[in-house]
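Please look over the model shown here before reading the notes that go with it.

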Amino acid sequence: MIANHPEREQIRLENVLFALGNALRLEIVKALADGSELSCGALRQDVAKSTMTHHWRVLRDSGVIWQRPQGRENMISLRRDDLDVRFPGLLDTLLQSIRNNSAQ
């Protein structure tokens, strides 16, 4: 596992909200919301690798994602269980809001 994954009880709401306050990071969360684990390359799209590395670090350090090495890639998954325990309903509300805004 990559360093800087906070323990569940160390995840702070203000850090999670900061991490989720960026459109690109919200897209990453949306892509992982179905419980899938995706490689960095699959999530990168047309954004510079260095920029994505920054966004993954913010999400990881805030406790929103897990990141683990697999070969030459890092695999990323949403820490849904931890976030649901710490902040019940936060992810569901956020994802529903994203869906509602996309439908408009």
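The structure is a predicted model. In its UniProt record, an unreviewed entry, residues 5-102 are listed as "domain: HTH arsR-type".

**Annotated region**

**Packing of α2 with α6**
- Helix α2, which covers residues 23-32, packs with helix α6, residues 90-103, at an angle of about 105 degrees, and their axes are 11 Å apart.
- Because angles of 65 to 115 degrees count as roughly perpendicular, α2 is described as roughly perpendicular to α6.
- On the α2 side the contact is made by Leu26, Val29 and Lys30, while α6 contributes Leu91, Leu94, Leu95, Ile98 and Ser102.
- By class, the residues of this contact between α2 and α6 comprise six nonpolar, one polar and one charged.

**Largest pocket**
- The largest pocket holds about 260 Å³ of space, and its lining residues include Cys40, Arg44, Lys49, Trp56, Arg60, Gln67, Glu73 and Asn74.
- At least two lining residues come from each of α3 (40-44), α4 (49-62) and β3 (73-78), and α4 gives the most, with five residues.
- The lining of the largest pocket divides into six charged, four polar and two nonpolar residues, with Arg57 and Arg72 also among the residues that line the pocket.

Definitions and conventions: Residues are numbered from 1 along each chain as its sequence is written. This is a predicted model: local features need pLDDT of at least 70, side-chain atom pairs count only at pLDDT 80 or more; totals for chains, interfaces and linings use all residues. Side-chain values use heavy atoms; hydrogens and water are left out. Axes are lines fitted to C-alpha atoms, for helices over the stretch in contact, and angles run from 0 to 180 degrees between N-to-C directions. Helices (H or I, at least four residues) and strands (E, at least two) are DSSP runs, numbered from the N terminus. Angles under 35 degrees count as roughly parallel, over 145 as roughly antiparallel, 65 to 115 as roughly perpendicular and the rest as oblique. Contact means heavy atoms within 4.5 Å. Ala, Val, Leu, Ile, Met, Phe, Trp, Tyr, Cys and Pro count as nonpolar, Asp, Glu, Lys and Arg as charged, and the others, Gly among them, as polar. UniProt positions are given in the numbering used here, feature names are shortened, and annotations may be inferred rather than shown by experiment. On a 1 Å grid over the protein atoms alone, a cavity is a set of points where a 1.4 Å probe fits but cannot get out, and a pocket is an open set with protein on both sides within 12 Å along at least five of seven lines; lining residues have an atom within 4 Å of a point. Grid points are joined across faces, edges and corners, and a volume is the space filled by probe spheres set on the points.
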